[in-house]
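User: I've got this one open on my screen and I'd like to know what is behind the labels. Can you take me through them?

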Amino acid sequence: MMEGSEITEKEEVGVSEKKKIFVAGATGNTGKRIVQQLLAKGFAVKAGVRDIDKAKTSFSDGNPDLQFVKADVTEGSTKLAEAIGADSDAVICATGFRPSWDLLAPWKVDNFGTVNLVEACRKIGVNKFILISSILVNGAAMGQLLNPAYIFLNVFGLTLIAKLQAEQHMRKSGINYTIIRPGGLKNDPPKGNIVMEPEDTLYEGSISRDQVAEVAVEALIHPEAAFKVVEIVARTEAPNRPFQELFGSIKQR
């Protein structure tokens with residue numbers, strides 16, 4: 001099992017020694033922030049995107065540690081395995097379907113797409129996977145069927161149920177995972193500190209995408225994040241706790 005602390009042990013040696021992280025959904029609102037924070041932390045990044053030329057316009061700094069590869073999570077695990085490559089040390093999945101009248105869209109991306117990524121990792125031996133999911137994915141078991149957020153998020157093809165089933169596949173895969181379930185996603189800068197709770201705990205609240213990206217990157221670094229599902233929101237009254245303490249406070253199930 002790959003320990004989380006091993007991910008960054010060579011980050012200051014040289015470009016060729018940098019740990020490489022594959023990011024699925026790299027041009028999305030959260031994915032782009034994850035890429036930026038990975039680069040800032042000294043990682044190399046392989047950005048999986050559907051349109052390379054379009055993606056390059058989203059990242060204009062020309063960072064030599066950023067590589068673009070064509071990857072569509074709906075096209076199966078074999079092609080994804082080729083895109084991820086044996087040189088990747090971990091995968092972060094920040095994909096998400098775009099609302100449309102196609103009621104199968106959530107299943108194609110949030111369910112089958114995530115499963116394809118997991119199976120691709122198994123094919124090539126990548127043993128660290130960070131999945132961005134959502135609070136309330138297990139809302140039915142939490143007694144939150146009438147929660148307006150649960151109802152809204154399931155309007156487009158039962159999105160939360162699709163995410164939950166993908167999570168369950170991830171947890172049975174044997175891969176070292178961290179599943180991050182954020183509250184309502186905000187494009188604004190952070191307001192308040194991160195609150196981290198065990199799975200099936202939070203049913204309301206929001207968080208800046210910047211903080212979600214930060215949690216995803218920190219989950220690579222801290223072995224305390226291994227094999228855990230964490231739920232996160234931001235609250236102005238919450239104390240500013242180090243990530244080792246936040247992840248350490250969550251028990252594995």
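This is a predicted model: local features need pLDDT of at least 70, side-chain atom pairs count only at pLDDT 80 or more; totals for chains, interfaces and linings use all residues.

User: Why is L146 called exposed?
Analyst: Because its relative accessibility is 76%, and exposed means over 50% relative accessible area, with buried under 20% and partly exposed in between (1.4 Å probe, protein chains only). So L146 counts as exposed. Residues are numbered from 1 along each chain as its sequence is written, and side-chain values use heavy atoms, with hydrogens and water left out.

User: Where does L146 sit?
Analyst: In the loop between strand 5 (128-132) and helix 5 (148-153). Helices (H or I, at least four residues) and strands (E, at least two) are DSSP runs, numbered from the N terminus. The protein has eight helices and ten strands.

User: What makes L145, L146 and I151 a patch?
Analyst: Patch members need over 30% relative accessible area and no salt bridge; nonpolar side chains (Val, Leu, Ile, Met, Phe, Trp, Tyr) are joined within 5 Å, like charges within 9 Å. L145, L146 and I151 form a nonpolar patch on the surface, with about 340 Å² of accessible area together. That area comes from the Shrake-Rupley method with a 1.4 Å probe, and for residues only the protein chains shown count as cover. The protein as a whole exposes about 11,800 Å², 51% of it supplied by carbon and sulfur atoms.

User: How do you know whether R33 is buried or exposed?
Analyst: Its relative accessible area is 17%, so R33 is buried. R33 is found in helix 1, where T30, G31, I34, V35, L38 and L39 are among the other buried residues. Across the protein, 53% of the 253 residues count as buried.

User: What does R33 touch in there?
Analyst: N187, R209, D210 and A213, leaving out residues up to four places away in sequence; contact means heavy atoms within 4.5 Å. The side chains of R33 and D210 also make a polar contact at 3.0 Å. The cut-off for that is a pair of N or O atoms within 3.5 Å; within protein, one must be able to donate a hydrogen and the other to accept it, and residues adjacent in sequence count only if both atoms are side-chain atoms.

User: How does the span of helix 1 compare with what is expected?
Analyst: The expected span is 1.5 Å times one less than the number of residues. Helix 1 (residues 29-40) has twelve residues and reaches 17 Å from first C-alpha to last, close to the 16 Å expected. Following helix 1 is G42, with a positive phi near 95°.

User: Why is the R181 and E231 pair called a salt bridge?
Analyst: The rule is a side-chain nitrogen of Lys or Arg within 4 Å of a carboxyl oxygen of Asp or Glu. R181 and E231 meet at 3.0 Å, N to O. R181 counts as buried because its relative accessibility is 1%, and E231 is buried at 0%.

User: Which salt bridge links D87, and to what?
Analyst: D87 meets K46 at 2.8 Å, N to O. D87 sits in the loop between helix 3 (77-84) and strand 4 (90-93), K46 in strand 2 (residues 44-49), and they are 41 residues apart. D87 is partly exposed at 39%, whereas K46 counts as buried at 5%. A search of the whole structure finds 15 salt bridges.

User: What makes E245 and R241 partly exposed?
Analyst: E245 has 40% relative accessibility, so it counts as partly exposed. R241 gets that label because its relative accessible area is 27%. The side chains of E245 and R241 meet in a salt bridge at 2.8 Å, N to O. Elsewhere, salt bridges that share partners join E167, R181, D200 and E231 into one network.

User: What about the phi of D200?
Analyst: Phi is positive, about 60°, although D200 is not a glycine. D200 is found in the loop between strand 8 (193-198) and strand 9 (206-208), and at 25% relative accessibility it counts as partly exposed.
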